[in-house]
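The sequence and structure are shown first.

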Amino acid sequence: MSYSHLLVAVAPTPESHELLRKAVEIAEPAGARISLITLSTDPEMYNQLAAPMLENLRELMQEETHQFLRSLSDSTHYPIWKSHIASGELCDHVKAFCQNHQVDLVICGNHNQSFFSRATCSAKAIAGNSGVDVLLVTL
């Protein structure tokens, strides 16, 4: 089956490079677009603990996330069409992105660490709600 637009759920870990490589393998023969989506850590918890010292924590975390996405995009020979930073429930953002940008395949990692455990937990909701194919890649 040929896909036209792949959405890859990534996190600032080395495994994201593996997910992107898999996406390129699928996208390249068909000339499909690749987009990236990631979750930004919600700093509200940290602000409650150290608000006076970390007033700009949200901006810092957003910039680090943007930097990660730029670095990941630069690491591949294949063009990245769009990058999206979300906060909250991954499945809600994936569904909206798929609907708004005609995505026909979502690629998620299957891993037992922070982001990927959340992505795996969300995989059932993503598969059930996104309306597109979902590929879970074992990492």
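## Aromatic rings

A search of the whole structure, which is a predicted model, returns zero aromatic pairs. A ring does take part in a contact of another kind: the charged end of Arg33 sits over the ring of Trp81, at 4.2 Å from the ring centre.

## Confidence of the model

The mean pLDDT of the chain is 83, and 79% of the residues score at least 70. Among the elements, strand β1 (residues 5-10) has the highest mean pLDDT, 96, while helix α2 (residues 44-50) has the lowest, 55.

## Nonpolar cores

The largest nonpolar core comprises 20 residues, and those with the most contacts inside it are Leu6, Val8, Val10, Ile34, Leu36 and Ile107. At least two residues of this core come from each of β1, α1 (15-27), β2 (33-39), α3 (57-74) and β4 (105-110). The greatest contribution is that of α1, with five residues.

Leaving aside residues up to four places away in sequence, Val8 touches Leu19, Ala23, Ile34, Ser35, Leu36, Ile37 and Ile107.

## Helix α1

Helix α1 has 13 residues and spans 19 Å from its first C-alpha to its last, close to the 18 Å expected at 1.5 Å a residue. Its buried residues are Glu15, Ser16, Leu19, Leu20, Ala23, Val24 and Ala27. An α-helix has 3.6 residues a turn, so residues three or four places apart point the same way. Two of the buried residues of α1, Leu19 and Ala23, are touched by Val8.

Methods
Residues numbered from 1 in each chain as written. Predicted model: local features only at pLDDT ≥ 70, side-chain atom pairs only at ≥ 80, totals over all residues. Heavy atoms only, no water. Phe/Tyr/Trp six-rings, centres within 6.5 Å; stacked < 30°, edge-to-face > 60°. Lys NZ or Arg CZ within 6 Å of the ring centre and 35° of its normal. pLDDT = per-residue confidence, 0-100. Helix = DSSP H or I, 4+ residues; strand = E, 2+ residues; numbered from the N terminus. Core = buried A, V, L, I, M, F, W, Y, C linked by side-chain atoms within 4.5 Å. Buried < 20%, exposed > 50% of the residue type's maximum accessible area, 1.4 Å probe, protein only. Contact = heavy atoms within 4.5 Å. Expected span 1.5 Å × (residues − 1).
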